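Subject: Structure handover

Hello,

Here is the structure I promised you. Please open it beside this email and follow along.

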Amino acid sequence: HALTSTLDLDALCEILIREARGVLPAAEGIALFLQERETKLLLVRSSYGFDPAEIAQFRFRIGEAIAGKVFETSASALLTSAAEVRAVQANFSDDNRRHFANAADNRQVHSALGAPLLSKGTRLGALMVYNFAREHAFAASDVPVLQAFADQAAAAMENARLYAELQEKETL
């Protein structure tokens with residue numbers, strides 16, 4: 001219900017982060033990545049548990065790190081150990097590695113879960129949740145929960161985008 005309460009994308013992103021915290025209480029960090037149309041890079045639109053100035057500097061390529069792989073494959077990803085996370089994050093660019101370390105206050109990710117944001121077959125981005133304290137913070141049973149949440153969020157974002165386009169056309 002909260003995700004359909006507004007057609008303003010900025011407000012919607014903030015609601016999404018707030019509601020995701022309630023859906024997955026083990027999430028100590030949350031990042032909503034959306035693809036920028038011009039550059040095709042994934043940028044953080046909203047987050048929780050990260051330094052906002054640092055996380056705003058992320059510029060992930062498709063396939064880079066966990067979010068980039070989730071986006072590229074259009075499939076959820078569950079990483080239950082710090083070793084799995086490190087292996088997937090091995091392809092971080094130097095800039096993104098530095099910004100991620102600073103954004104996370106140098107905390108190591110021990111568990112991560114990501115879901116693609118898809119609307120009518122179009123990839124919009126990825127919703128990522130992280131736990132910095134313990135391995136196995138997320139379980140296989142959390143994957144469909146986050147994916148269902150991401151699916152509803154993607155539909156709400158698409159509605160907000162269409163509404164903004166309509167408003168723009170009416171203004172013209």
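First, a definition: a residue is buried when its relative accessible area is under 20%, exposed when it is over 50%, and partly exposed in between, using a 1.4 Å probe and protein chains only. This is a predicted model, where local features need pLDDT of at least 70, side-chain atom pairs count only at pLDDT 80 or more, and totals for chains, interfaces and linings use all residues. Residues are numbered from 1 along each chain as its sequence is written, and side-chain values use heavy atoms, with hydrogens and water left out.

Overall build

The protein has six helices and five strands. Both are DSSP runs numbered from the N terminus: helices are H or I with at least four residues, strands are E with at least two. Read from the N terminus, the order is α-β-β-α-α-β-α-α-β-β-α.

The C-alpha atoms fill a box of roughly 50 × 35 × 25 Å along the principal axes.

Of the 172 residues, 46% count as buried. The protein exposes about 8500 Å², and carbon and sulfur atoms supply 51% of that area. Areas come from the Shrake-Rupley method with a 1.4 Å probe; for residues, only the protein chains shown count as cover.

Now the contacts, meaning heavy atoms within 4.5 Å. Among contacts with a separation of 6 or more, 64% join residues 24 or more positions apart.

Helix H1

Helix H1 covers residues 9-23. Its 15 residues should span 21 Å at 1.5 Å a residue, and its end C-alpha atoms are 20 Å apart, which agrees. The expected span is 1.5 Å times one less than the number of residues.

Which residues of H1 are buried? They are Leu12, Cys13, Ile15, Leu16, Ile17 and Ala20. An α-helix has 3.6 residues a turn, so residues three or four places apart point the same way. The cover over the buried residues of H1 includes strands S1 (29-35), S2 (42-48) and S5 (122-131), and also helix H6 (142-171).

Single residues

Is His99 buried or exposed? His99 counts as buried because its relative accessibility is 10%. His99 lies in helix H5 (residues 94-103). Leaving out residues up to four places away in sequence, His99 touches Glu54, Gln57 and Phe58.

Ala133 sits in the loop between S5 and H6. With 56% relative accessibility, Ala133 counts as exposed. Beyond its neighbours within four places in sequence, Ala133 is in contact with Glu28 and His110. Ala133 and Phe60 are 73 residues apart in sequence and 24 Å apart in space, C-alpha to C-alpha.

Two residues to check for phi

Most residues other than glycine have a negative phi. Asp105 is not a glycine, yet its phi is positive, at about 55°. Asp105 is in the loop between H5 and strand S4 (111-119). Asp105 counts as exposed, with 61% relative accessibility.

His136 also has a positive phi, near 60°, and is a residue other than glycine. His136 is in the loop between S5 and H6. At 55% relative accessibility, His136 counts as exposed.

Best wishes
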